[in-house]
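Please keep the sequence and the three-dimensional view at hand while reading.

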Amino acid sequence: MSQGIFSSAATAVGRVLGALTGSSWGAGFEPVWYSLRMPEWPAALDGFLVAVVADIHIGRNHGRAWTCPALPAALRAIRAERPDLLIFAGDFAFKEWTPVDLAHIASLFEAGSRVAVLGNHDFARGDTQAAQLADALEDCGITVLRNQAHMLRFSNQPVWVAGLDDAPSGHDDVDLLLSRLPEGASPAILLSHGPDAVREAARTGRFMLAVAGHTHGGQVAIPGLRSFILRRFAHSEFDRGLYRLGGMPLVVTKGLGMVGYPVRFRARPEVVFLKLHSSQID
Ligand SMILES: [Fe+2]
């Protein structure tokens, strides 16, 4: 999402709707589960659990702390489920921030393995600070993928994660990413901050699954205006949930935090859990 996400008028409308419907303003949280059965997913990894965390958006804005009210609930949910793989789909930051502080927050999420890509807000203070954030995350044991592919191993079975560098800020390079994914690397999960950038890589047929964030599900998802808000502010044709791109599942998470105004409406903060099953097992 871009920083100027809402006009004050939209926010005012959102507040009224929230008051009428009892919707919370960013403090709510929901774990969202998907069970995906995929023909090519290895039988040895049936029941593999992936958690997706995105758009935490923590920092300072005009000298005041910019927080993520859903963070404690998200940490508890991850701790309870103990995912095999935790994916950070970018946008740790908002406005002013230090790499070490954001990496420390990310390190609080516990999982068997953790990988990340950066998002457009992580690049907003320049490439140097984004690179420092990547280094700080790596220092905390989180693998940061910038147009890179990374092989993990679970139950002696390889699982590849290919991370496209941030597309909304123009750092993505699909050809470079594909060149770094060895022929036959399978299963391969595609990770991208922006969902729209997934299309090109998806057409190659090399990925079993893709995950993305960035949209916040509109953040203030005013009925009738949601697709306009998504196109205008997130520059995205995607919203939230499960899509199919040529048969490949793409899961877009609404993420946890907020930008522009500390408000969410009809777009509750979430952590997505993906339970992956093999069609080879009934
Ligand atoms: Fe973003």
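## Terms and source

A residue is called buried if 20 or more other C-beta atoms lie within 10 Å of its own, exposed if 12 or fewer do, and partly exposed in between, with C-beta atoms placed from the backbone. Helices (H or I, at least four residues) and strands (E, at least two) are DSSP runs, numbered from the N terminus.

The model is predicted: local features need pLDDT of at least 70, side-chain atom pairs count only at pLDDT 80 or more, and totals for chains, interfaces and linings use all residues. Residues are numbered from 1 along each chain as its sequence is written.

## The protein as a whole

The protein contains seven helices and 15 strands. It has 282 residues, of which 47% count as buried.

Two residues are in contact if their C-beta atoms, placed from the backbone, lie within 7 Å. Among contacts between residues at least 6 apart in sequence, 76% join residues at least 24 apart.

## Helix α7

Which residues of helix α7 (residues 226-233) are buried? They are I229, L230 and F233. Seen down the axis of α7, these buried residues fall within an arc of 100° (the arc of the directions from the helix axis to the C-beta atoms), so they line one face of the helix.

On the other side of α7, F228 and R231 are exposed. The helix is followed by H235, which has a positive phi, near 50°.

Strands β9 (residues 148-154) and β10 (residues 157-164) pair in the antiparallel sense over seven bridges; two strands pair if DSSP finds at least two bridges between them. Within this pairing, H150 of the protein stands opposite V161 in β10. The two strands form a hairpin with two residues between them, and S155 in the turn has a positive phi of about 50°.

P158 belongs to strand β10. This residue counts as partly exposed because it has 14 C-beta neighbours inside 10 Å. Not counting residues up to four places away in sequence, P158 touches M151 and R153. P158 and A188 are 30 residues apart in sequence, and their C-alpha atoms are 9.1 Å apart in space.

## The loop at G28

G28 is found in the loop between α1 (8-21) and β1 (30-38). Why does G28 count as partly exposed? The reason is that G28 has 15 C-beta neighbours inside 10 Å.

Leaving aside residues up to four places away in sequence, G28 touches A70, R268 and P269. G28 and A73 are 45 residues apart in sequence and 8.6 Å apart in space, C-alpha to C-alpha.
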